[in-house]
Amino acid sequence: MKKCTVAELRNMTFGKHDKPNRFYSDEQDIRGKKVDNWSHLSRLFVQWLIDNHFISLEKLPVPDHRGHGKDFINIKDQHEIQERGGFWGKVGPYYVDTKYNADDHIKNILSTLRHLEVANPQFQISFHPD
């Protein structure tokens, strides 16, 4: 399976039949971490942010890619507009909303990298073949 870089992810779209397979955290990570589903991928991504010191309490909340009152990552399990629903998973001291479709998960990852000003992210993702 081909490992996709962040640059490649920017030019891809994902549908309901696309599924992540592995998350490779750096160039030395040959086997990668097995990914169960899109929600798991988002949690692994947040753990990668923590492990690489890209995220901190001062940089929260991280809005979702649409930026309309929903947060992708927060210190509490709620959005800026509290009435908006979410499915929150805890990763370290942070909460990540994983209630998104496949394409939105990738867009949230990419917009988070922009929000946190991560210039050259060293991770890759592979996907199950069609």
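Predicted model: local features only at pLDDT ≥ 70, side-chain atom pairs only at ≥ 80, totals over all residues.

Begin with strand β2, residues 20-24: of its 5 residues, 4 are buried, so the strand is mostly covered, where buried means under 20% relative accessible area.

Which strands pair with β2? One is strand β8, residues 124-127, which runs antiparallel to β2 over 4 bridges. Within β8, Q124 is the bridge partner of Y24. Another is strand β3, residues 33-34, also antiparallel, over 2 bridges. There, K33 is the bridge partner of F23.

Stay with Y24 for a moment. K3 lies over the face of Y24, at 4.4 Å from the ring centre.

Now the rings. How many aromatic pairs does the structure hold? There are 9. Take W48 and F123 as one example. Their ring centres are 4.8 Å apart and their planes stand at 70°; planes over 60 degrees apart count as edge-to-face, so this pair is edge-to-face.

Where in the chain do these two sit? W48 is in helix α2, residues 38-51, while F123 is in the loop between α3 (102-115) and β8.

Are W48 and F123 buried or exposed? W48 has a relative accessible area of 5%, so W48 is buried. F123 has 3%, so F123 is buried as well.

Methods
Residues numbered from 1 in each chain as written. Heavy atoms only, no water. Buried < 20%, exposed > 50% of the residue type's maximum accessible area, 1.4 Å probe, protein only. Pairing = 2+ DSSP bridges. Phe/Tyr/Trp six-rings, centres within 6.5 Å; stacked < 30°, edge-to-face > 60°. Lys NZ or Arg CZ within 6 Å of the ring centre and 35° of its normal.
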